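These are my notebook entries on one structure.

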Amino acid sequence: MSIKIYPLQFEPILKERIWGGEKLKTVLNKPIVSKITGESWELSTVEGDISIVANGELKGKSLTELIDEQPNEILGTSVYNRFGKQFPLLFKYLDAREDLSIQVHPNDQLAKERHNSFGKTEMWYVMQADADARIIVGFKEDSSKEEYLENLNNNTLVSILDDVKVKAGDVFFLETGTVHAIGAGLVVAEIQQTSDITYRLYDFDRVDAQGNKRELHVDLALDAINYNTVDTYKKYEKTVNESNVVVDCTCFTTNFIPLNGEIKVSKKGDTFTVYMCIDGAFEIRYENITYQYKKGDTVLIPAAMTVYVLNGEASILEVTI
């Protein structure tokens, strides 16, 4: 049975976090009810957190159901050939009212061996930043397992990590193995491999409402960490009404589109496309129907949707594989 193809939006999967706040509502208009909401999972096939269609004829269906029924039409031929019926990416918005834990993600090989999962290469687009907001990305200087453990045990880990001030529009690309933490006062759009594998190294000695510290994964992390310095900051062009490449890696390609007016899109159908509306508002016109989006919206364009029009005034992240 053939399913209807059109731009798909999904119900946000909202996550309470010890470091979360209320900006997903005040900045992105998400329907949060908690004062510690840290994440809105926009597109997910992580087990237990499967995205459900929120619009149109397919409302109520899960993303995994759609892919199972028509993998080529949803994923695209090249994505299906490479990943089978797995949706290979996870899309989120994050609100860090407090610092996130210092953490690291394993590469594909380690994640497969230990967790039967993808690794977790990811990127951050900073949507909003308070004054003096910062992130931690990698080591200040090339380090070693021994130096890392000594500082971890002495509660001085932060002193050997690279601390970077950030502003809205900044982009950081974090390959697996990069020690990192999102700092307080940031709203971030995150694009990553489909994985929920995180090794937590240090959590600033925080406790939850019950007085418990969160679990650390010091031993697991030792072989996952890249102890060398890394260059994570991504410069990119902002040519109006064009797809400006921001990140191009084996896991995904992300472009930045400063939309002002109309763009006619024509593609081959070998990959899906995801648009994250970072600012402003825009519409998609497809088969004489107009679909409207605002800041904080995420939309999946099935691969079989090969010709359509973007129109409006917006900043958009465009993601393909």
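**Salt bridges**

I searched for salt bridges, taken as a side-chain nitrogen of Lys or Arg within 4 Å of a carboxyl oxygen of Asp or Glu, and the count comes to 21. The model is predicted, so I note the limits: local features need pLDDT of at least 70, side-chain atom pairs count only at pLDDT 80 or more, and totals for chains, interfaces and linings use all residues. Residues are numbered from 1 along each chain as its sequence is written, and side-chain values use heavy atoms, with hydrogens and water left out.

Side chains of opposite charge can pair when their charged atoms come close. I began with E39. The side chain of E39 meets that of R17 in a salt bridge, at 3.2 Å from N to O. E39 is in strand β2 (residues 37-43) and R17 in strand β1, 22 residues apart, and the pair links distant parts of the chain. Strands here are DSSP runs of E with at least two residues, helices are runs of H or I with at least four, and both are numbered from the N terminus.

Is E39 buried or exposed? I take buried as under 20% relative accessible area, exposed as over 50% and partly exposed as in between, with a 1.4 Å probe and protein chains only. E39 has 7% relative accessibility, so E39 counts as buried. R17 has 23%, so R17 counts as partly exposed.

E39 also has a salt bridge with K92, at 3.4 Å from N to O. K92 lies in strand β5 (residues 89-96) and E39 in strand β2, so this pair ties together parts that are 53 residues apart in sequence. K92 counts as buried, at 3% relative accessibility.

I next looked at D68, which forms a salt bridge with K85; their closest N and O atoms are 3.0 Å apart. D68 is in helix α2 (residues 63-69), while K85 is in the loop between α4 (77-83) and β5, so the pair ties together parts 17 residues apart in sequence. Both residues came out as partly exposed: D68 has a relative accessible area of 48%, and K85 has 41% relative accessibility.

I also noted a network of salt bridges that links R97, E98, D203, R206 and R214.

**Rings**

How many aromatic pairs does a search of the whole structure find? I found 13, pairing rings of Phe, Tyr and Trp (its six-membered ring) if their centres lie within 6.5 Å; planes under 30 degrees apart count as stacked, over 60 as edge-to-face and the rest as tilted. The ring centres of Y6 and Y291 are 6.4 Å apart and their planes are at 10°, so I list this pair as stacked. Y6 lies in the segment before β1 (13-21) and Y291 in strand β17 (residues 289-294), so the pair ties together parts that are 285 residues apart in sequence. Y6 is buried, with a relative accessible area of 3%, and Y291 is buried at 13%.

Ring pairs also link Y275, F282, Y293 and Y308 into a cluster.

I checked for charges over rings, which requires NZ of Lys or CZ of Arg within 6 Å of the ring centre and within 35 degrees of the ring normal. K15 lies over the face of W41, at 4.6 Å from the ring centre.

**Cores**

I then looked up nonpolar cores, sets of buried Ala, Val, Leu, Ile, Met, Phe, Trp, Tyr and Cys residues joined through side-chain atoms within 4.5 Å. The largest has 62 residues, and those touching the most other members are F87, Y125, Y275, F282, I284, L300 and L310. Strand β16 (residues 273-286) supplies the largest share of this core, eight residues. A second, separate core has 21 residues, including L157, V179, A224 and I225.

**Single residues**

Contact here means heavy atoms within 4.5 Å. I found L186 in strand β12 (residues 186-193), buried at 0% relative accessibility. L186 and L94 are 92 residues apart in sequence and 7.9 Å apart in space, C-alpha to C-alpha. Leaving out residues up to four places away in sequence, L186 touches, among others, K23, L94, V126, I135 and V166.

S51 lies in the loop between β4 (49-50) and α2 and counts as buried at 0% relative accessibility. Neighbours within four places aside, the contacts of S51 include F10, I13, S44 and K61.
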